[in-house]
Structure formats: structure tokens, C-alpha cells
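The sequence and structure come next.

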Amino acid sequence: GARRNYIAEGEGRTFDRARADARASWNRALASVKVEGGDEAGNTVFYTALYHTMIDPRTFMDVDGRYMGGDGRAHQGDGTWTKRTIFSGWDVFRSQMPLQSLINPRVVSDLINSLITLADEKFKYNA
């Protein structure tokens with residue numbers, strides 16, 4: 001999986017190209033919310049906080065859809081959602097997830113599917 005990920009995501013890219021691509025990707029993500037008014041310092045605080053809400057949950061599957069399940073086995077995703085991990089800490093269901101439901105519902109759908117499959121894999125593994 002690591003080789004396929006490298007070929008798909010990094011082969012032939014320089015560090016500067018990868019950095020520029022990452023910056024462009026984050027700028028697109030942060031542009032999902034536009035604030036008006038306020039001063040530059042306040043806008044910086046807002047967009048920094050918005051960035052922090054988008055770091056997790058992060059992708060936990062290879063480019064070919066494979067991921068390591070809660071049962072310690074490799075699984076193949078069906079291509080309709082992305083397996084994710086690191087669901088942050090306390091109380092995100094009151095803050096981060098409602099915000100993401102509005103600005104990035106795909107991530108919330110991925111999160112729900114990830115938790116359901118994780119529980120299913122754990123249950124079958126421990127049964």
C-alpha cells in the first residue's frame with residue numbers, strides 16, 4: 001500500500017511542489033467559510049480555529065481503498081466513503097461536528113461510517 005500511495009501522491013513531486021499543493025488545498029478548504037468585517041487579527045484567529053476543526057478526523061486508508069480494521073485485519077472500502085480516524089477529544093459533537101455538517105458534510109458521513117465499521121469489526125473480532 002505504501003508504494004501505491006507514493007506513486008499516486010508523491011512520485012515525481014518536489015518538496016516545493018508538495019508544499020504549494022498543500023497550501024492550495026488548505027486555501028480551498030478554508031475558503032468554504034467567508035467572514036466579513038473585523039480586523040486582520042480577528043480574521044487570523046477565526047481561520048486558525050477553522051483550520052484546527054479540519055485537521056481531524058483524518059484519512060485512514062490507502063489510495064486503493066484498503067485500511068487496517070479494528071479487528072487487526074486488512075479491509076477493502078467500497079469506494080462510497082473514506083475511512084477516517086482520530087475523532088478528536090471531548091465534546092466535539094457539540095462544536096466541531098455541527099460545523100463540519102454545514103461546511104463539509106462528506107467528512108461527517110465518513111466519520112459515521114468509520115465508527116460503524118470499527119464497532120462492527122471490533123464486535124466480530126471479540127465475539
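Arg13 sits in the loop between α1 and α2. The model is predicted. With a relative accessible area of 38%, Arg13 is partly exposed, because it falls between the cut-offs of 20% for buried and 50% for exposed.

A polar atom of the Arg13 side chain lies 2.9 Å from the backbone oxygen of Glu9. Beyond residues up to four places away in sequence, Arg13 touches Ala18 and Asp21. Lys34 is 21 residues from Arg13 along the chain. The C-alpha atoms of the two are separated by 31 Å.

## Asn5 in α1

Helix α1 covers residues 2-9 and contains Asn5. Is Asn5 buried or exposed? Its relative accessibility is 17%, so Asn5 counts as buried. Neighbours within four places in sequence aside, Asn5 is in contact with Gly10, Asp62 and Val63.

## α2 against α3

Two packed helices are described by the angle between their axes and the distance between the axes. For α2 (residues 15-30) and α3, the angle is about 105 degrees and the axes are 10 Å apart. That makes α2 roughly perpendicular to α3, because angles of 65 to 115 degrees count as such.

From α2 come Trp26, Ala29 and Leu30. They meet Tyr47, Leu50, Tyr51, Met54 and Ile55 of α3. By class, this contact has eight nonpolar residues, no polar ones and no charged ones.

## α3 against α4

Helix α3 spans residues 40-55, and α4 spans residues 96-103. They pack at about 90 degrees, with axes 10 Å apart. The two helices are therefore roughly perpendicular to each other.

On the α3 side, the contact is made by Leu50, Thr53 and Met54. On the α4 side, Gln96, Leu99, Gln100 and Ile103 take part. Four of the residues are nonpolar, three are polar and none is charged.

## Two backbone features in loops

The peptide bond from Asp56 to Pro57 is cis, with omega near 0 degrees. Pro57 belongs to the loop between α3 and β1 (58-59).

Ile86 lies in another loop, between β4 (84-85) and α4. What marks the backbone of Ile86? Its phi is near 60 degrees, a positive value in a residue other than glycine. At 38% relative accessibility, Ile86 counts as partly exposed.

At 1.5 Å a residue, the 22 residues of α5 should span 32 Å. The end C-alpha atoms of α5 are 32 Å apart, which agrees.

Which residues of α5 are buried? They are Val107, Val108, Asp110, Leu111, Ser114, Thr117 and Glu121. An α-helix has 3.6 residues a turn, so residues three or four places apart point the same way. The cover over the buried residues of α5 includes β2 (66-68), β3 (74-76), β4 and α4.

Thr117 lies within α5, residues 105-126. Its side chain makes a polar contact of 2.8 Å with the side chain of Lys83. Leaving aside neighbours within four places in sequence, Thr117 is in contact with Tyr67, Trp81 and Lys83.

Note on methods:
Residues are numbered from 1 along each chain as its sequence is written. This is a predicted model: local features need pLDDT of at least 70, side-chain atom pairs count only at pLDDT 80 or more; totals for chains, interfaces and linings use all residues. Side-chain values use heavy atoms; hydrogens and water are left out. Axes are lines fitted to C-alpha atoms, for helices over the stretch in contact, and angles run from 0 to 180 degrees between N-to-C directions. Helices (H or I, at least four residues) and strands (E, at least two) are DSSP runs, numbered from the N terminus. Angles under 35 degrees count as roughly parallel, over 145 as roughly antiparallel, 65 to 115 as roughly perpendicular and the rest as oblique. Contact means heavy atoms within 4.5 Å. Ala, Val, Leu, Ile, Met, Phe, Trp, Tyr, Cys and Pro count as nonpolar, Asp, Glu, Lys and Arg as charged, and the others, Gly among them, as polar. Buried means under 20% relative accessible area, exposed over 50%, partly exposed in between (1.4 Å probe, protein chains only). A polar contact is a pair of N or O atoms within 3.5 Å; within protein, one must be able to donate a hydrogen and the other to accept it, and residues adjacent in sequence count only if both atoms are side-chain atoms. The expected span of a helix is 1.5 Å times one less than its number of residues.
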